Amino acid sequence: MVAARPVMLGPGNPGAENGPDEWWHGASDGSFLSIDNTDPATGNSDFTLGNSAVDGTNSAQWRTVIFPLGPAAAGARPITFSFAYKLTDEVKAGDNIRVQLCFFDKTTNFLGQRDFLLGSKSDDSAMTSYKTITARGIQAPLRAQVADVRVSINLPGDRWSSGTGRFDDFSVTTVRGWSWAKLLVITALAMGLMVLLTWIIRRTHR
């Protein structure tokens with residue numbers, strides 16, 4: 001059996017412990033976002049964003065700096081995407097916050113994404129504790145070399161007017177199997193051991 005080790009791909013500053021470093025962010029009109037230290041999932045801080053007005057022009061987004069996919073580039077290895085979230089207010093029907101894992105080629109042309117809608121779609125409202133979503137077995141597109149993570153409200157087609165969402169502990173990982181050189185060495189040692197055992201058995205039965 002080939003052993004696999006987890007490899008952290010990104011993002012940098014996954015839980016806002018360094019403030020907004022490694023994240024792009026913006027808010028318009030009546031929406032808001034902040035780094036908060038009153039109710040993190042772990043550590044000292046979390047990312048918040050929200051909006052209380054129905055007007056769709058009230059938008060906000062946290063977006064990570066693009067990070068390389070390393071051994072998971074071009075779909076070579078499966079990706080695991082995980083994050084913690086808490087929607088502190090009552091969620092109105094049809095309201096959702098969108099979390100995305102987005103993929104790009106080496107010149108940052110968009111190739112695809114995985115979307116997670118939280119709120120009405122996930123049956124979450126007035127949460128008293130954080131939940132963690134962990135999506136395994138994600139394959140990057142064939143030309144994908146880099147990725148980013150986004151948390152957004154009121155993207156075109158979306159609606160959010162249900163107060164504050166909190167996010168923490170973002171993680172994009174993959175696995176790295178043993179190198180071919182190691183596998184060849186282990187195979188050679190195993191074959192040598194079998195030959196040695198066969199020789200010992202034959203010698204003892206003469």
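Modeller: Gladly! Let me start with a cut-off: a residue counts as buried when its relative accessible area is under 20%, and as exposed when that area is over 50%. Please keep in mind that this is a predicted model.

Colleague: Thanks! Is N58 buried or exposed?

Modeller: N58 sits in the loop between β4 (46-51) and β5 (60-64). Its relative accessible area is 5%. Since the cut-off for burial is under 20%, N58 is buried.

Colleague: Which residue has its backbone nitrogen 2.6 Å from a polar atom of the N58 side chain?

Modeller: Beyond its neighbours within four places in sequence, N58 is in contact with several residues, among them S28, D29, G30 and S31. The backbone nitrogen that lies 2.6 Å from a polar atom of the N58 side chain belongs to G30.

Colleague: And D29, is it buried or exposed?

Modeller: D29 is in the loop between β2 and β3 (32-36), and its phi is positive, near 50°, although D29 is a residue other than glycine. Its relative accessible area is 60%. The cut-off for exposure is over 50%, so D29 is exposed.

Colleague: What about E22: how does its accessibility class come out?

Modeller: E22 lies in the loop between β1 and β2. E22 is not a glycine, yet has a positive phi of about 75°. Because its relative accessibility is 42%, between the 20% and 50% cut-offs, E22 counts as partly exposed.

Colleague: One last thing: what is omega for the peptide bond from G10 to P11?

Modeller: P11 is in the loop between β1 (4-10) and β2 (23-27). The peptide bond from G10 to P11 is cis, with omega near -5°.

Methods:
Residues are numbered from 1 along each chain as its sequence is written. This is a predicted model: local features need pLDDT of at least 70, side-chain atom pairs count only at pLDDT 80 or more; totals for chains, interfaces and linings use all residues. Side-chain values use heavy atoms; hydrogens and water are left out. Helices (H or I, at least four residues) and strands (E, at least two) are DSSP runs, numbered from the N terminus. Buried means under 20% relative accessible area, exposed over 50%, partly exposed in between (1.4 Å probe, protein chains only). A polar contact is a pair of N or O atoms within 3.5 Å; within protein, one must be able to donate a hydrogen and the other to accept it, and residues adjacent in sequence count only if both atoms are side-chain atoms. Contact means heavy atoms within 4.5 Å.
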